[in-house]
Amino acid sequence: MRHRFDATTAWCITALGALLTLTGCASAPTRSAATKSAVTQPAAPSTATPFPSTYVSPDSAPTLIRGATVLTGTGERRDNTDVALRGGKIVAIGKDLVADAGARVIDARGKWVTPGLIDVHSHLGVYPSPGVQAHEDGNEATAPSTANVWAEHSIWPQDPGFGTALEGGVTTLQILPGSANLIGGRSVVVKNVHSTTYQGMKFPGAPQGVKMACGENPKRVYGSRRLAPSTRMGNVAGWRAQWIEAQDYVREQDAYRAKVAAGAKDAKPPKRDLRLETLAGVLRGELRVHHHCYRADEMATVLDVAREFGYKVTAFHHAVEAYKISNLLADNGVCAAIWADWWAFKMESYDGIPENLALVDAAPGGCAIVHSDSEEGIQRLNQEAAKGMAYGARMGRAIAPEHAILWLTANPAKSLGIEARTGTLEVGKMADVVVWNGNPFSVRALAEQVFIDGAVRFDRGAPRAQPESDFLLGQPATMGVTP
Amino acid sequence: MITRRFTTLASIAMLALPISVATAENASTALLVRGATVYTLTGNDAAPLADTDVLVQDGRIAAVGRKLPAPAGARIVEARGKPLTPGLFGGLGRIGIEEIGLEPTTGDYAQRLNQMRPEFDVTLAYNPESMALPVHRSNGITFAVIAPSTTTGSSIVAGLGAAIGLDGTAPANARALFVDLGANSNSLAGGSRAAQFMLLRQAVTEARAPNLVMVHDDRLLTPSGRQTLLDFLKGAGPFVFDVDRAADIRQTIAFAQRENVRAIIRGGAEAWRVAAELAAAKIPVLVDPLQNLPSNFDAIGATLENAARLRAAGVTVAFSMRSPDVYDAGKLRQAAGNAVAHGLPWAAGLAAITRTPAELFGVADRYGSIEKGRVADLVLWNGDPLDVSSLPELVVAGGREQSLASRHTALRDRYYERLQRNAAR
């Protein structure tokens, strides 16, 4: 059996789950519908894509993982527990499960099992290795708002960093444009599977995000060219100007739709505009805002701007000062996607402290996410979390493994809008699962098997004869290296 | 419980004294660490001393042994079997010579004089009052090397650096000369790595024949630079070559042998490919154990097993993060743990961030091992010192017990208190 995920269906389910309108769902993105809409329908909804996922999970035998310490991602730790995978899904979690006929049985006594890790902030593929000039595809730094660009169109699927992230247990990642711009463009969520095309990695039906940026980067990039923004006040004015345009665009579209609905034959659709389609998608709640923002005061300002224009900020990324406003973030339902211990690499990161994760987490309703923004960090998100736990304990707040795992699984899934499908070990969820050689919150922990939709994508005990990345294939300098 | 925690923190905050005062106060007090698992890093015996006491008196290690009597008035720390190590190495970087990345007024790690200046000595810019010192010290790092960098406007010869102690003492006298080779230095050498070796050779020629008269005086070096380079050619200290590609490492070995100088490879992403040659030439390698991606075309062979393979081939291995960012010094311990997870023996991982770098940079009399008579330099850990889940419980550096407070803990305490009042907003 092959699991072919139908992009249209999956998108509709997700959209309904997020209480979006049936209108959006009805014009869901099949190729024919998209083509048709360009002629006779209003400008395409912001979530329609001409670039549908072609991800197909390969056939996989049923798998029974036996006798592990299981961190479910729902806050539970279940010792000596079995996890059964079949048809790409988690089908059972419990004691003494009976293996399906022909099932692969993994003796996981002494091992730990977690949901596949999810990184909400990666530039793999858009800033790939090797980092040569020709690979600098992450920042369309030609205007402060490039909401028209989509990170997925920059992804080089041969980036060897995908494979090394997989070895670190990462099964899903969001790839974002860089932070040169106030509004950098759309992000994409991918499954960490090797594919010749990025469409073959695309997480079926995952909402897209929009990358925005605060602070030093936009004002440095444009200020150095004597363009706006060159100050933080310029940043805020820049965002607001964009949202004002977007509001007009939404009004034009709504007016057109109303005319069509009223049966007007001569209604003329508004001109399509890729930039405004993205911004309108944010205002309509269809696209998620992932906002690069370090300082507490700037995050508070962004929340005011979001309130002014009626959109939601899903997560602040980097957020080294999130701990200063942990209550504010929690009250607004905004996650902080952060490093464990980066600080002072620029002025706005001067106040970064390693208790950031623990403090964000400690606020009632707080949502802490460990993110990487790094091809190295993504390989060991579990170790980043372990650092956060260690500093939490030193502060007097011990954080249990069954809770800390949420920073790497359930919380990022929630921020990406895929929490109904992955991010926890629950019956019916995608079988995105990692078997670790021990407690994952240790420098010694190694992922032994990584399953994505039930298929083994990495097996430390049975390394591939060849690297998956074409780039590393046949390179004399890797001879003798186990890929 | 939250209220109680707040009280405790508040009292800690009120008791916190300026670090210099707190440490000076403890200078003359005897300190007895009782019942630790002591990793002395002396000799070749990797086995730790179980249930062992270490007595510090007048800033020096007065005794290492079992059941030591406590001098009157000594502060006693019960280790209960926890690991006691020498203070750790922070790698080659910018502690005290850069406060904030991207802010040029706080960064002194490079000169942009458009000239080759081997005499450029970053220790002159060293600021022992950088907030980074207490941060890293409280995390168990007691020594590091401040290293100059190459950048646009410098040359492939970055200049001089030296070991520093994180207790704030002056940089060590021993200097090392830093040279960057390979892809990232092409723009500093006319666009070719061949020109890098050409310029290096020319500089050496100038240094060895300082009175050579040239018709057209297009010498690379100033008189002072010629002297500095000559000193190093005569053995004043090691050349630290930042180089990754196997072929470039071979050229570097050839240079070191031809000029008969002490060389250290820094980075060495592909060093494992020339491990036998490095071992034969007795050239140590400062590996970044996390470098496993082909960040450029010099590092196609990068692998997490670099350290383990080098050691197996008989190469001396120490660690330094590739990134010179100040905060990355804190990651070296994690990197060492990862090297162990990928095949390096645990004891070799610890030596690579204690004794070995102390030896390479001429400060082994002061850092990197625990021995009677030495200025005390100790860290007591609440778990495996190579694991990210462990943190220090006690840090002794420069003979003094160090406060575990820093700008980071001050920020933490301020905002944890606000959070507990539901006021972090």
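What follows is a friendly conversation about a predicted model, in which each label is checked against its criterion.

Visitor: How do you know how far chain B can be trusted?

Guide: Chain B averages a pLDDT of 93, and 92% of the residues score at least 70. The model as a whole scores ipTM 0.93 and pTM 0.92.

Visitor: Which stretch of chain B has a pLDDT below 50?

Guide: That is residues 1-27 of chain B. Beyond near neighbours in sequence, this stretch still has 24 contacts in the model. Where pLDDT is low, the predicted coordinates should not be read in detail.

Visitor: What makes α9(B) largely enclosed by the rest of the structure?

Guide: A residue is buried if 20 or more other C-beta atoms lie within 10 Å of its own. In α9(B), 10 of the 10 residues are buried, so the helix is largely enclosed by the rest of the structure. The buried residues include L332(B), R333(B), Q334(B) and N338(B).

Visitor: What covers the buried residues of α9(B)?

Guide: The cover includes α11 (381-395) of chain A. From chain B it includes β6, α8 (306-312), β13 (317-319) and α10 (346-351). Just after α9(B), G343(B) takes a positive phi of about 110 degrees.

Visitor: How do you know that chain B touches chain A?

Guide: Two residues are in contact if their C-beta atoms lie within 7 Å. By that criterion, 43 residues of chain B are in contact with 47 residues of chain A. On the side of chain B that touches chain A, α9 (332-341) and α12 (407-420) of chain B are the elements that give two or more residues. The largest share, six residues, comes from α12(B). By class, this side of chain B has 20 nonpolar, 14 polar and nine charged residues.

Visitor: Why is L102(B) called partly exposed?

Guide: The label applies between the two limits, buried at 20 or more neighbours and exposed at 12 or fewer. L102(B) has 16 C-beta neighbours inside 10 Å, so it counts as partly exposed. This residue lies in the loop between β6 (88-93) and α3 (132-138) of chain B.

Visitor: What is the phi of L102(B)?

Guide: L102(B) has a positive phi of about 70 degrees although it is not a glycine. Most residues other than glycine have a negative phi.

Visitor: And how does N422(B) count, as buried or partly exposed?

Guide: N422(B) has 13 C-beta neighbours inside 10 Å, so it counts as partly exposed. N422(B) is found in the segment after α12 of chain B. Its phi is near 60 degrees, a positive value in a residue other than glycine.

Visitor: Which residues are joined by a cis peptide bond with omega of about -5 degrees?

Guide: Those are S129(A) and P130(A). P130(A) lies in the loop between β8 (117-122) and α4 (160-167) of chain A. A cis peptide bond also joins A228(A) and P229(A), with omega of about 0 degrees. P229(A) is found in the loop between α5 and α6 of chain A. Most peptide bonds are trans.

Visitor: Which residues of α5(A) are buried?

Guide: In this helix, residues 216-223, the buried ones are N217(A), P218(A), K219(A), V221(A) and Y222(A). They pack against β12 (209-213) and α6 (232-261) of chain A.

Visitor: What can you say about chain A as a whole?

Guide: The secondary structure of chain A comes to 13 helices and 19 strands. Of its 483 residues, 58% count as buried. Among contacts in chain A with a separation of 6 or more, 69% are between residues 24 or more positions apart.

Visitor: What are the domains of chain B?

Guide: Chain B is divided into domain 1 (17-86 + 391-404) and domain 2 (88-367). Their centres, taken over C-alpha atoms, are separated by 32 Å.

Visitor: How do you know that these two domains of chain B touch?

Guide: By the contact criterion, 14 residues of domain 1 of chain B are in contact with 16 residues of domain 2 of chain B. On the domain 1 side, β5 (83-86) and β15 (392-397) of chain B each supply at least two residues. β15(B) gives the most, with three residues. The residues of this side of domain 1 of chain B divide into 10 nonpolar, three polar and one charged.

Methods:
Residues numbered from 1 in each chain as written. Chains lettered and ligands numbered in written order. Predicted model: local features only at pLDDT ≥ 70, side-chain atom pairs only at ≥ 80, totals over all residues. Helix = DSSP H or I, 4+ residues; strand = E, 2+ residues; numbered from the N terminus. Nonpolar A, V, L, I, M, F, W, Y, C, P; charged D, E, K, R; others polar. pLDDT = per-residue confidence, 0-100. Domains from an automatic or database assignment.
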